Amino acid sequence: MTAETSQTLDRGLRVLKLLADTDHGLTVTELSTKLGVNRTVVYRLLATLEQHALVRRDLGGRARVGLGVLRLGRQVHPLVREAALPALRSLAEDIGATAHLTLVDGAEALAVAVVEPSWTDYHVAYRAGFRHPLDRGAAGRAILAARQQPPGEPGYTLTHGELEAGASGAAAPLIGVTGVEGSVGVVMLADAIPERVGPRVVDAAREVAEALR
């Protein structure tokens, strides 16, 4: 800690990060141990975070991330979109297909940034804000596949006709971006995805991940 930083704010942010990394929540004792502070400090941090709906505690006393984080998260999309656009634009122009960044939103995949190629005679119309189930389409399937893969091993997913008749998709997950679960992909009117598209999508996903770190 330096003279310009707040120890209390730092601890509060660390609490949120710890809670975000667990599915079952943490007790005051567990948080106290992980933070290296006494239980009284943890109680005060949780009480403050609860006032802002950033943390909630269940009947068993375990603390979890609160719904207030979702409201903050909605404001993150424009920043994520801006960071991803250069890589998406390069991907769309290189492949000649509509490129997109898709993030997890509950049980759905949500397209938050879309770039269409400028030089093609036709391309798939795909709009930011488009939603679909995670288990349909390349973008969602790539995210689900990443959950089953060892960390740091990017791959890509190909699909055909799952979201739109005659359209094929390729997508690769974002790897190594804390707090962001998503994928980068392309969608094109084709019966099959050209061989070079998969690796190119992986490269684009890596570029977006680096821009978001």
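Colleague: In which strand does Ala170 lie?

Modeller: This is a predicted model, in which local features need pLDDT of at least 70, side-chain atom pairs count only at pLDDT 80 or more, and totals for chains, interfaces and linings use all residues. Residues are numbered from 1 along each chain as its sequence is written, and side-chain values use heavy atoms, with hydrogens and water left out. Helices (H or I, at least four residues) and strands (E, at least two) are DSSP runs, numbered from the N terminus. With the elements named in this way, Ala170 is placed in strand E7.

Colleague: Is Ala170 buried or exposed?

Modeller: A residue is buried under 20% relative accessible area, exposed over 50% and partly exposed in between, using a 1.4 Å probe and protein chains only. Because its relative accessible area is 0%, Ala170 is buried.

Colleague: What distance separates the C-alpha atoms of Ala170 and Ile193?

Modeller: Ala170 has contacts (heavy atoms within 4.5 Å) that, leaving aside neighbours within four places in sequence, include Ile193, Val197 and Val201. Although Ala170 and Ile193 are 23 residues apart along the chain, their C-alpha atoms are separated by 7.3 Å.

Colleague: Where is Ala99 found, and is it buried or exposed?

Modeller: Ala99 is part of strand E3, which covers residues 98–105. Not counting residues up to four places away in sequence, it touches several others, among them Leu88, Val115 and Val186.

Colleague: How many Å apart in space are Ala99 and Arg56?

Modeller: These two residues are 43 residues apart in sequence. In space, taken from C-alpha to C-alpha, the separation of Ala99 and Arg56 is 38 Å.

Colleague: How many salt bridges does the count come to?

Modeller: A salt bridge is taken to be a side-chain nitrogen of Lys or Arg within 4 Å of a carboxyl oxygen of Asp or Glu. One network of salt bridges links Asp94, Arg196 and Arg200. By this rule, the number of salt bridges is 12.

Colleague: About how many helical turns separate Asp10 and Arg14?

Modeller: The side chains of Asp10 and Arg14 meet in a salt bridge at 4.0 Å, N to O. Asp10 is partly exposed, because its relative accessibility is 29%, and Arg14 is also partly exposed, at 33%. Because they are four residues apart in helix H1 (residues 7–20), the separation of Asp10 and Arg14 is about one helical turn.

Colleague: Which parts does the pair Glu181 and Arg147 tie together?

Modeller: A salt bridge joins the side chains of Glu181 and Arg147, at 2.6 Å from N to O. These parts are 34 residues apart in sequence, because Glu181 lies in the loop between strand E7 (167–173) and strand E8 (182–189), while Arg147 lies in helix H6 (residues 138–148). The parts tied together are therefore the loop between E7 and E8, and helix H6.

Colleague: Which residues are the closest to the centre of the largest pocket?

Modeller: On a 1 Å grid over the protein atoms alone, a pocket is an open set of points where a 1.4 Å probe fits, with protein on both sides within 12 Å along at least five of seven lines, and its lining residues have an atom within 4 Å of a point. The largest pocket holds about 1,900 Å³ of space, a volume being the space filled by probe spheres set on the points, which are joined across faces, edges and corners. Among its 43 lining residues, the closest to the centre are Ala20, Val69, Gly179, Val180 and Glu181.

Colleague: Which element gives the most to the lining of the second largest pocket?

Modeller: The second largest pocket has about 230 Å³ of space. Of the 20 residues in its lining, the closest to the centre are Tyr126, Gly137, Leu163, Glu164 and Val187. The elements that supply two or more lining residues are H6, E7 and E8. With three residues, the element that gives the most is E7.
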